[in-house]
Amino acid sequence: IRGQIKELKIPHGEQVLSALTASAGVAQADDHAANPSELLRAADTALYAAKNAGRDRVMVYQAKPSRNR
């Protein structure tokens, strides 16, 4: 989807707008993100990681290892 967005040619008057970019954060429901709020927070964390890494990319949420071992 991100690649397809970048290939869009959007006319505006007599010009074509410059390429659009998209960033996304992906998270998977598991034992650490069992409820919708936690899952959304994880995806949001991944989205901000994508933006901070230079935008126009997809990042997958990686939970930090717990220190309870």
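## A charge over a ring

A charge is said to sit over a ring if NZ of Lys or CZ of Arg is within 6 Å of the ring centre and within 35 degrees of the ring normal. In this predicted model, K51 lies over the face of Y48, at 5.4 Å from the ring centre.

Aromatic pairs follow another rule: rings of Phe, Tyr and Trp (its six-membered ring) pair if their centres lie within 6.5 Å, and planes under 30 degrees apart count as stacked, over 60 as edge-to-face and the rest as tilted. The count by this rule is 0 aromatic pairs.

## Basis of the model

Residues are numbered from 1 along each chain as its sequence is written, and side-chain values use heavy atoms, with hydrogens and water left out. Because the model is predicted, local features need pLDDT of at least 70 and side-chain atom pairs count only at pLDDT 80 or more, while totals for chains, interfaces and linings use all residues.

## Overall architecture

The protein chain contains 2 helices and 4 strands; these are DSSP runs numbered from the N terminus, with helices (H or I) of at least four residues and strands (E) of at least two. Their order from the N terminus is α-β-β-β-α-β.

Of the contacts (heavy atoms within 4.5 Å) with a separation of 6 or more, 43% join residues 24 or more positions apart.

## Surface and burial

Of the 69 residues in the protein chain, 9% are buried; buried means under 20% relative accessible area, exposed over 50%, and partly exposed in between (1.4 Å probe, protein chains only). The chain exposes about 6100 Å², of which carbon and sulfur atoms supply 51%; accessible areas come from the Shrake-Rupley method with a 1.4 Å probe, and for residues only the protein chains shown count as cover.

L17 is placed in the loop between β2 (15-16) and β3 (24-26). With 41% relative accessibility, L17 counts as partly exposed.

## Residue L39

Helix α2 (residues 36-52) includes L39, which counts as partly exposed at 27% relative accessibility. L39 and Q28 are 11 residues apart in sequence, and their C-alpha atoms are 7.1 Å apart in space.
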